[in-house]
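Here are my notes on the model, in the order I went through it. Have the viewer open as you read.

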Amino acid sequence: MKEVISTTNLTKIYGETYAVNKLNLSVKQGEIFGFIGLNGAGKTTTIRMLLGLVKPTTGYCYLQGRRVNAGNTSIFRNVGYIVETPYSYPELTVRENLEIVRKLRGMEDRDSVNWIIKKLKLEGYTSKRAGHLSLGNAQRLGIAKAIIHRPKILILDEPTNGLDPEGIVEVRQLLMNLANNQGVTILVSSHKLEEISRLATNISIIHNGCIIKELDKKQLEGQLKKVLLVGGEERNNMKSILSEAGYRVVDEGIDFNDEIKPLQIQDDDAINSPEKIATLLVKAGHPPALLKVRQEDLESYFLRVLKEAGEV
Amino acid sequence: MKILTCISIEITKLFRSRIPLMTILASMLIPFFGGFFMFILKDPDLAKGLGFISAKAQIMGDADWPSYLGLLAQAIAVGGLLIFGFVMSWIFGREYSDRTIKDLLALPISRNLIVLSKFIVTILWCLILAVLVLVLGILVGKIVDIPGWSADIILQGISVFITSATLTILLSTPVAFFASSGRGYLSPLGFMIFTLVLAQIVAATGYGQFFPWSVPALISGIAGDSDAKIEAISIAIVCLTSALGLFSTTFWWRYADQEI
């Protein structure tokens with residue numbers, strides 16, 4: 001498939017700090033590329049360089065095969081974007097803000113404003129000043145401005161910030177529809193890893209300015225570990241019993257970000273037949289209060305990958 | 001045509017804000033205070049009775065049209081640095097302080113055009129303000145019935161006023177650079193105050209004709225007969241400063257990293 005967004009050895013140095021370090025990205029047409037990383041990992045700097053807001057120290061960015069350069073304005077004709085929180089002119093109404101974007105993008109079709117208002121469910125707010133919008137509606141307006149011109153490329157930094165659960169689902173469906181039915185290529189960065197895992201077809205983890213993991217949905221599925229969680233009173237006794245029976249028991253294996261940390265058994269035998277563990281513990285006089293097979297989610301996987309990379 | 005689109009957008013943004021009203025009100029102070037001084041000067045007894053105000057008013061000279069138009073020109077040359085600078089700093093600085101700049105930088109439209117349209121709209125609005133001050137000033141002068149009206153005097157006064165106002169407007173372009181590089185209003189505000197103070201100091205040392213921000217005030221006759229010193233070089237220095245402001249702002253928008 002055609003490569004739509006790419007970077008070659010993209011590097012940005014601030015003083016002696018490498019914000020982005022020899023980053024090579026490749027996003028193909030129709031992909032929803034989830035770009036995840038900790039704060040300061042280099043996501044937003046990369047997005048800024050892709051949009052020509054910041055110049056790379058070395059390396060290049062390409063959109064639809066053309067090198068990004070602030071002077072090369074035609075390259076942005078098919079690009080819609082949100083960089084961090086979207087802001088609009090507070091004294092202008094929702095419609096006026098959208099009209100400004102329509103005019104700046106050289107769109108003759110006046111109906112596009114009505115179309116996007118309907119699409120983002122902003123009908124009730126068209127005459128409301130942008131400065132008086134709720135956080136969620138301001139975000140909707142930002143998304144509306146990003147897609148009003150029906151772009152072929154969408155670069156979105158935290159697009160679901162401030163949206164309520166219903167809004168998040170709507171935006172997810174909208175983006176999936178754009179990618180699946182209209183071939184729009186989407187690069188989306190977010191802290192909401194659950195959202196990314198539902199949305200993205202490909203995922204890239206950036207850390208200290210470098211890509212440390214890049215995989216598609218299938219590969220991710222294969223890498224998500226399963227464990228058997230075992231909880232109950234006298235945890236240490238339970239651990240000894242299970243270890244003596246030959247199971248690999250760990251106190252803190254996969255970080256599920258739960259408050260209570262049950263024991264984790266990583267053996268396939270235990271995962272496939274948890275009743276064996278139950279029987280063993282009951283016979284030993286320590287019936288488990290918790291016995292559950294759990295698969296890593298993207299958040300846990302992300303934390304594990306960072307841990308393996310020597311962080312967190 | 002793209003430039004017309006950009007200009008129309010800038011006009012929309014300007015007129016939906018409070019800036020036009022604020023700057024009109026600020027500009028209106030000039031003719032009203034000028035007329036008020038002339039009113040007092042016309043009646044010395046009333047002037048003495050008013051104490052401090054009358055003492056200040058006596059400095060303005062005689063109650064006649066040359067003094068009055070000179071006063072308007074001086075006020076636009078000094079006050080204009082603040083009023084026109086304020087408009088310029090808002091037009092550019094608001095994009096940074098409202099963080100709307102991000103929406104203007106990755107578009108299929110040249111950043112130069114956006115910057116140019118901002119300058120055009122600012123200069124047009126400042127010219128409108130200057131004309132408002134002049135028209136309102138003449139109207140107030142007529143109402144106060146200032147003596148000494150003649151076509152020659154009025155034309156001469158208008159000419160000095162327009163020259164002072166135009167040069168002051170031209171000098172507001174560097175404010176745009178400080179608003180852009182300082183990403184808001186604080187830097188341009190500091191710059192305006194700095195130039196305003198420095199202009200007085202440099203003019204007092206006798207080198208005002210070489211310091212751009214002193215030139216409009218000298219042309220307006222603020223230093224008495226020293227307006228005779230103003231030559232083409234002073235006008236060239238102002239134009240050069242203005243061009244520097246325009247190009248540095250355009251350069252900043254085009255080449256600087258926009259980290260906002």
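1. Start with B:Ser164. Leaving out neighbours within four places in sequence, B:Ser164 is in contact with B:Ala73, B:Ile76, B:Ala77, B:Pro216, B:Ile219 and B:Ser220 (contact being heavy atoms within 4.5 Å). The residue belongs to helix 8 of chain B, residues 151-170; helices here are DSSP runs of H or I with at least four residues, strands are E runs of at least two, and both are numbered from the N terminus. B:Ser164 has a relative accessible area of 0%, so it counts as buried (buried is under 20%, exposed over 50%, partly exposed in between, with a 1.4 Å probe and protein chains only).

2. A word on the ground rules. This is a predicted model, where local features need pLDDT of at least 70 and side-chain atom pairs pLDDT 80 or more, while totals for chains, interfaces and linings use all residues. Residues are numbered from 1 along each chain as its sequence is written, chains are lettered from A and ligands numbered from 1 in the order written, and side-chain values use heavy atoms, without hydrogens or water.

3. Now strand 9 of chain A, residues 202-207. Six of its six residues are buried, so the strand is largely enclosed by the rest of the structure. Both faces are covered: A:Asn202, A:Ser204 and A:Ile206 are buried on one side, and A:Ile203, A:Ile205 and A:His207 on the other.

4. What does strand 9 of chain A pair with? Strand 3 of chain A (residues 32-37) runs parallel to strand 9, joined by five bridges, and strand 10 of chain A (residues 210-216) runs antiparallel to strand 9, joined by six. Two strands are taken as paired if DSSP finds at least two bridges between them. A:Ser204 is a handy landmark: it is the bridge partner of A:Phe35, and its own partner in strand 10 is A:Glu214. In the hairpin of strands 9 and 10 of chain A, two residues lie between the strands, and A:Asn208 takes a positive phi near 50 degrees.

5. There is also an open sheet of four strands in chain A, in the order 2-1-4-5, with antiparallel pairing. Its edges are strand 2 (17-28) and strand 5 (66-67) of chain A, each pairing on one side only. Helix 1 of chain A (residues 43-50) packs on this sheet, touching strand 1, strand 2 and strand 4 (58-63), and its direction makes about 115 degrees with that of strand 1 (axes are lines fitted to C-alpha atoms, for helices over the stretch in contact, with angles from 0 to 180 degrees between N-to-C directions). Strand 1 (residues 3-14) and strand 2 of chain A are joined by eight bridges, and A:Lys12 stands opposite A:Val20 in strand 2.

6. On to the interface. The area buried between chain B and chain A is about 2900 Å², with carbon and sulfur atoms giving 52%; that is accessible area (1.4 Å probe) lost on putting the two parts together, summed over both. In chain B, B:Arg16, B:Lys102 and B:Pro108 lose the most area to chain A, together 24% of what that side buries. The contact takes 31 residues from each of chain B and chain A.

7. Which salt bridges cross over? Six are counted between chain B and chain A, a salt bridge being a side-chain nitrogen of Lys or Arg within 4 Å of a carboxyl oxygen of Asp or Glu. A:Lys12 pairs with B:Asp257 at 2.6 Å, N to O. B:Glu259 and A:Arg48 pair at 3.6 Å, N to O, linking the segment after helix 12 of chain B to helix 1 of chain A. B:Glu259 is partly exposed at 26%, whereas A:Arg48 is buried at 8%.

8. Over all chains the count is 21 salt bridges. One of them joins A:Arg198 and A:Glu194 at 2.9 Å, N to O; these two are four residues apart in helix 6 of chain A (residues 193-199), so about one helical turn separates them. In chain B, B:Asp98 meets B:Arg94 at 2.8 Å, N to O, with B:Arg94 buried at 2% and B:Asp98 partly exposed at 21%. Also take a look at B:Glu10, B:Lys13, B:Glu95 and B:Lys118, which are linked in a network of salt bridges.
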